[in-house]
Amino acid sequence: MTTSMEKSADTPGTPPAEGPRALARARRRQAALRFWRQYRTHRAGLVGLGVLVVIALLAVAAPLLVGEESRSVTGAPGGPLEAPSGEFPLGTDQFGRSLLALMLWGTRVSLTVGLLAAFLSVAIGTLIGITAGHFKGWYATIVMRVTDWFLVMPTLVLAIALATVLSRSVWTTILAIGVTTWPTTARLVRAQTLSVESRPYIERSRALGGGHGHIMTRHVLPNVMPLVLAQTTLVISTAILTEATLAFLGLSDPTIVSWGGLLQDAREAGAVSSGNWWYLAPPGLAIAVVALAFTLCGRAIESVLNPKLGASR
């Protein structure tokens with residue numbers, strides 16, 4: 001005799017039961033929609049996001065807007081250090097190149113270095129923080145003492161030392177920033193890992209045979225990811241500022257156009273003493289605006305993921 005369950009399954013029009021993957025995708029979509037609804041209530045976060053979207057679009061479209069020839073020193077279209085005009089809205093540099101075109105090219109390098117260096121820094125900090133919080137004992141003691149050493153050492157000094165020893169390139173700058181700015185992330189992630197591993201379901205997972213890798217990747221990592229995401233947006237702004245500082249000190253690739261490199265060129269050309277403000281102001285303001293935009297986004301994300309912070313909107 002056919003059971004009632006079989007009848008309901010064979011009844012036309014009955015929707016099929018959703019699998020676990022479909023349910024997981026539905027939950028992720030709902031979580032993303034819920035996050036966006038809460039995020040857009042933060043006006044400062046929306047402003048920062050809008051600024052970043054515009055700057056990212058300009059960086060992607062730079063080859064179409066200004067072309068490769070705009071970086072050429074020999075084929076510069078203007079005279080040295082021309083003031084802003086209709087032809088050159090931001091003036092020209094010491095070689096007669098359009099500063100507006102150079103600013104657009106510098107956007108690509110500064111954003112790339114900031115994003116990749118922040119990703120490297122957060123990846124190192126997350127790995128160290130989770131493993132130190134999970135294994136504890138002598139491993140955690142040694143790792144956290146190394147972290148404390150990096151914390152007390154000036155980050156910029158370590159980055160300068162690495163950039164001086166290694167060859168000058170964009171990848172050297174990314175490496176120098178990434179391996180010197182991870183300790184703060186490691187501290188935060190370790191504290192969150194200790195909190196997560198004190199919960200009852202971690203003990204149940206161990207009792208059911210869950211190994212170290214299973215617990216760290218399936219239970220701890222998803223719970224620390226909101227913190228990691230918020231920390232990433234804040235680290236990006238620090239990375240962009242550090243890249244500009246290294247370029248200003250002449251420790252980056254001189255053939256690459258970046259905002260910090262433009263400031264270095266302006267200093268070498270004597271723009272400060274000669275009053276050529278248009279050579280200094282645009283890259284400096286661009287660095288400040290992008291760093292502020294990432295900070296606003298980071299604060300908004302942090303407030304959404306942790307409402308107890310009570311961040312202003």
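How much space lies in the largest pocket? In this predicted model, the volume of the largest pocket is about 380 Å³. Its lining is made up of 21 residues, of which P254, T255, I256, G261 and D265 are the closest to the centre of the pocket. Helix α12 (residues 259-268) supplies five residues, the largest share of this lining. Sorted by class, the lining of the largest pocket contains eight nonpolar, seven polar and six charged residues.

The whole structure was also searched for cavities, and one of 30 Å³ or more was found. The largest cavity holds about 50 Å³ of space. Its lining consists of V109, V113, S169, V170, T173, E243, S252, D253, I256 and S258. Two or more of these residues come from each of the elements α5 (99-135) and α8 (170-178). Four residues of the cavity lining are nonpolar, four are polar and two are charged.

Two packed helices are described by the angle between their axes and the distance between the axes. For α5 and helix α14 (residues 277-305), the angle is about 35 degrees and the axes are 11 Å apart. The crossing of α5 and α14 is right-handed. On the α5 side, the contact is formed by L99, M103, L111 and L115, and on the α14 side by W278, Y279, P282, P283, A286, V290 and F294. This contact between α5 and α14 comprises eleven nonpolar residues, with no polar and no charged ones.

Terms used
Residues numbered from 1 in each chain as written. Predicted model: local features only at pLDDT ≥ 70, side-chain atom pairs only at ≥ 80, totals over all residues. Heavy atoms only, no water. 1 Å grid on protein atoms, 1.4 Å probe; cavity = no way out; pocket = protein on both sides within 12 Å on 5 of 7 lines; lining within 4 Å. Points joined across faces, edges and corners; volume = space filled by probe spheres on them. Helix = DSSP H or I, 4+ residues; strand = E, 2+ residues; numbered from the N terminus. Nonpolar A, V, L, I, M, F, W, Y, C, P; charged D, E, K, R; others polar. Axes fitted to C-alpha atoms, helices over the stretch in contact; angles between N-to-C directions. Left-handed = near helix turned anticlockwise from the far one by under 90°. Contact = heavy atoms within 4.5 Å.
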